[in-house]
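This report describes the fold of one protein chain for a reader new to structural analysis. Please keep the sequence and the structure in view while reading.

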Amino acid sequence: MTQKLKFAIIQMNVKAGDVAHNIEVLKGKLNEAVNGSEKPDVILFPEMWNTGYALTEIDTLADPEGKQTVAMLSEFAKRHHVNIIGGSIAQKKDNGVYNTIFAFNREGKLINDYSKLHLFRLMEEEKYLQAGDKLGQLEIDGVQAAMMICYDIRFPELARSLALQGAKVLFVPAQWPNPRLHHWRTLLMARAIENQMYVVACNRMGKSGDSEFFGHSIVIDPWGEIVAEAQDEDTILTGEIDLSIVEKVRATIPIFEDRRPQFYNRVIE
């Protein structure tokens, strides 16, 4: 099992409704990421990068069964021997459209997919998208990891469930807009601190309709300290995380050993 992972987080603009444009932009960014000064072990990019939030057109724009996305990212991961947490895309299935992450290992194998469990009513996601029905668990270079999408970070139960099942690093693609920068940073720090794990989060930047996105992709260690953070520019955020810190933190403050779950679901009268 590796102890250190170099990351590259693609913080990019997303053009709502223009799938071809977004694919070309992402291809360029992927090539830039693997040809930088240090090749990453894992690459992450934003939520709904293929379509943006063109929800009224999403049924037409979504990638059928994710086939185009899977083929493209699998080939790239294998060719460059890099792990990919493929942001998330609008994926068309028989019963509707899902907001789905596809994750690939260095051999280009699809190791898991995860569809957003919590749909964001403020953007009427529940009217156009279907909610997922499983946890986003995976293994990256022997490291137990997990995936959540954007609004999911407001649900601490989900992050705790993933941590209890062994996750040491949580990957989060998002389209998180102004004016909620404080919420974005605070919630991600809380998920890292309370679960004593790394959080690696990618947010888009730019404008889409009336929404403006502030970027601030961020990597947070198990103490809640910021490892790296972007601003609001189009950029690729790089750096390294040391997974040995996870066990050190968990040994120092043994919250998992001190849990008393028999009390957590009791109704207070």
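Which strands does helix α6 lie across? Helix α6 (residues 181-195) lies across β10, β11, β14 (218-220) and β15, and runs at about 155 degrees to β11.

## Basis of the report

The model is predicted: local features need pLDDT of at least 70, side-chain atom pairs count only at pLDDT 80 or more, and totals for chains, interfaces and linings use all residues. Residues are numbered from 1 along each chain as its sequence is written, and side-chain values use heavy atoms, with hydrogens and water left out.

Helices (H or I, at least four residues) and strands (E, at least two) are DSSP runs, numbered from the N terminus. Axes are lines fitted to C-alpha atoms, for helices over the stretch in contact, and angles run from 0 to 180 degrees between N-to-C directions.

## The six-stranded sheet

Six strands form an open sheet in the order β8-β9-β10-β11-β14-β15, and their pairing is mixed. Its edge strands, β8 (136-140) and β15 (226-229), each pair on one side only. From one strand to the next, the twist averages 15 degrees.

Two strands pair if DSSP finds at least two bridges between them. Strand β10 (residues 169-174) is parallel to strand β11 (residues 198-203), with six bridges between the two. In this pairing, Ala174 stands opposite Asn203.

## Helix α5 and its buried face

Which residues of helix α5 are buried? In this helix (residues 156-164), they are Leu158, Ala159, Leu162 and Ala163, where buried means under 20% relative accessible area, exposed over 50%, and partly exposed in between (1.4 Å probe, protein chains only). Seen down the axis of α5, the buried residues fall within an arc of 135 degrees, so they line one face of the helix; the arc is that of the directions from the helix axis to the C-beta atoms. An α-helix has 3.6 residues a turn, so residues three or four places apart point the same way.

The buried residues of α5 pack against β7 (110-115), β8, β9 (143-147), β10, α6 and α7 (244-252). Contact means heavy atoms within 4.5 Å. After α5 comes Gly166, which has a positive phi, near 110 degrees.

## Nonpolar cores

A nonpolar core is a set of buried Ala, Val, Leu, Ile, Met, Phe, Trp, Tyr and Cys residues joined through side-chain atoms within 4.5 Å. The largest has 50 residues, of which Ile85, Phe171, Trp184 and Leu188 touch the most other members. A second, separate core of 25 residues includes Ala8, Val34, Ala54 and Leu61.

## An aromatic cluster

Rings of Phe, Tyr and Trp (its six-membered ring) pair if their centres lie within 6.5 Å; planes under 30 degrees apart count as stacked, over 60 as edge-to-face and the rest as tilted. The whole structure holds four aromatic pairs. One of them, Phe120 with Tyr151, is tilted, at 4.8 Å centre to centre and 50 degrees between the planes. Phe120 is in the loop between β7 and α4 (125-128), and Tyr151 is in the loop between β9 and α5, 31 residues apart.

Tyr151 also pairs with Phe155 in an edge-to-face arrangement, with 5.2 Å centre to centre and 90 degrees between the planes. Phe120, Tyr151 and Phe155 form one aromatic cluster.
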